Amino acid sequence: MTKPDGFYDALPRQPRFANLARPAAFTPLPDDWLICCSDIVDSTGLIAAGRYKTVNMIAAAVIAALQNAFEGVAFPFVFGGDGTSFAVPAAQADIARRTLVRLRNWVQQEFGITLRVAAIPLAEIRAQGLDVTVARHAVSDHADYAMFSGGGLAWAEAEMKQGRFMLADSADHTPPNLTGLSCRWNTIPARNGLILSLVMLPGPQASPARFADITAEILALTAKLARGGHPVPLEGPGMNLLPPELTLEAKLTHGSRSLWRSRLALLGSALLASLLFRRNRPTGQFDPTHYKATMSANADYRKFDDGLKMTLDCTPEIRDQITAILQRAQAAKEVRFGLHSQQEARLTCIVPSASRDDHVHFVDGSAGGYTRAAKNMGKTIGK
């Protein structure tokens, strides 16, 4: 694989999330980069049918497939619950396109679900008077996530949903390499009353400074919550002896192996993992307590994605105060927002190796999460 241009590796890691509310924290992408998006068609219908875990897993599969195709080279991406957006330098553009098309074919074959995939040159976005700027938020010493600003990513996603910039079909039906993708943890019950999914985007009357001020107000409220509303406890979520969604994991990751062989292999590894976590003592190089604490620290529960997105373990009182701030700002056309409350959060994970600390964990609400919050955009939000 051609070496990337080094731009993303050189970006500083910002440990304070609140500092990322200001545009000055972001750096414009180089001119020759490619913006890519994915989105699941009729994700709302799939959620209504109880298939939200499938939706989350397919969205995260985009990231796993690209990480493997890029042989571990870091690139900026953002997980959105029912879709993923990312950016790549010119040297990785062809690999990204091929990987997305292979994954689209695979998802259709295995699940009968249509995955939109699009690729847009950054020059097209800048021609609209928009930009794609990026920062890196260090959630721990071992993991960081890309944050996006500039309005370009939201525009690209909207263009994709209108059928523009779609990647052409290909006769290549090679299964994507989804090594590391998993979904074995139990859902995580709210400890403060509810799990709040929040999506907030700039409105037509919002200056960058005003949007940052509104964000700061919301973050000041969330700071009053235990661990800032972090939904993943330090002791981690539970794991059943036989996780119920192993078949889903097998269908996505079996590749050229038969599905039954993949199920059998996953069954053995899941049983071993369950026993190790239940034993809760170090075994060889694996320490369950350390792993769960690292998992909590590495979890991606809040992000900037041309706006603010958060999955919070929240009290009803703080939820109501956040809603009041957002409704005032929406009435002034400074923001557009959507909220969705549920009783549990869930994790979708990419774990290249359980013996390393760089595993990443995407957090979403268990009953629609970001997807339903986005559908509520602009509506009056009930409790």
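This is a predicted model: local features need pLDDT of at least 70, side-chain atom pairs count only at pLDDT 80 or more; totals for chains, interfaces and linings use all residues.
User: What radius of gyration does the chain have, and what would a compact globule have?
Analyst: The chain has a radius of gyration of 20 Å. For 383 residues, a compact globule would have a value near 21 Å, so the two agree. Along the principal axes, the C-alpha atoms fill a box of roughly 55 × 45 × 40 Å.

User: How many of the residues are buried, as a percentage?
Analyst: Buried residues account for 53% of the 383 in the chain. As for the surface, the accessible area is about 15700 Å², and carbon and sulfur atoms contribute 52% of that area.

User: Which share of the contacts joins residues at least 24 apart?
Analyst: Counting contacts between residues at least 6 apart in sequence, 78% join residues at least 24 apart.

User: Turning to charge, how many positive and negative side chains are there?
Analyst: There are 41 positive and 35 negative side chains. The centres of these two sets lie 5 Å apart.

User: How many disulfides does the structure hold?
Analyst: The structure holds 0 disulfides. Cys36, for instance, has its nearest cysteine sulfur, that of Cys37, 7.3 Å away.

User: Is Cys36 buried or exposed?
Analyst: Cys36 has 0% relative accessibility and therefore counts as buried. Cys314 is also buried, with a relative accessible area of 0%.

User: Another topic: where does Phe111 lie, and what does it touch?
Analyst: Phe111 belongs to helix α4, which covers residues 93–111. Leaving aside residues up to four places away in sequence, Phe111 touches Arg51, Thr54, Ile58, Leu248, Lys251 and Leu252.

User: Why does Phe111 count as buried?
Analyst: Phe111 counts as buried because its relative accessibility is 12%, and the cut-off for buried is under 20%.

User: Where are Glu71 and Phe165 placed?
Analyst: Glu71 sits in the loop between α3 (52–69) and β4 (77–79). Phe165 is found in the loop between α6 (152–161) and β9 (181–182).

Definitions and conventions: Residues are numbered from 1 along each chain as its sequence is written. Side-chain values use heavy atoms; hydrogens and water are left out. The radius of gyration is taken over C-alpha atoms; the globule rule is 2.2 Å times the number of residues to the power 0.38. Buried means under 20% relative accessible area, exposed over 50%, partly exposed in between (1.4 Å probe, protein chains only). Contact means heavy atoms within 4.5 Å. Accessible areas come from the Shrake-Rupley method with a 1.4 Å probe; for residues, only the protein chains shown count as cover. Lys and Arg count as positive and Asp and Glu as negative; His and the chain ends are not counted. The place of a charge is taken as NZ of Lys, CZ of Arg, CG of Asp or CD of Glu. A disulfide is a pair of cysteine sulfur atoms within 2.5 Å. Helices (H or I, at least four residues) and strands (E, at least two) are DSSP runs, numbered from the N terminus.
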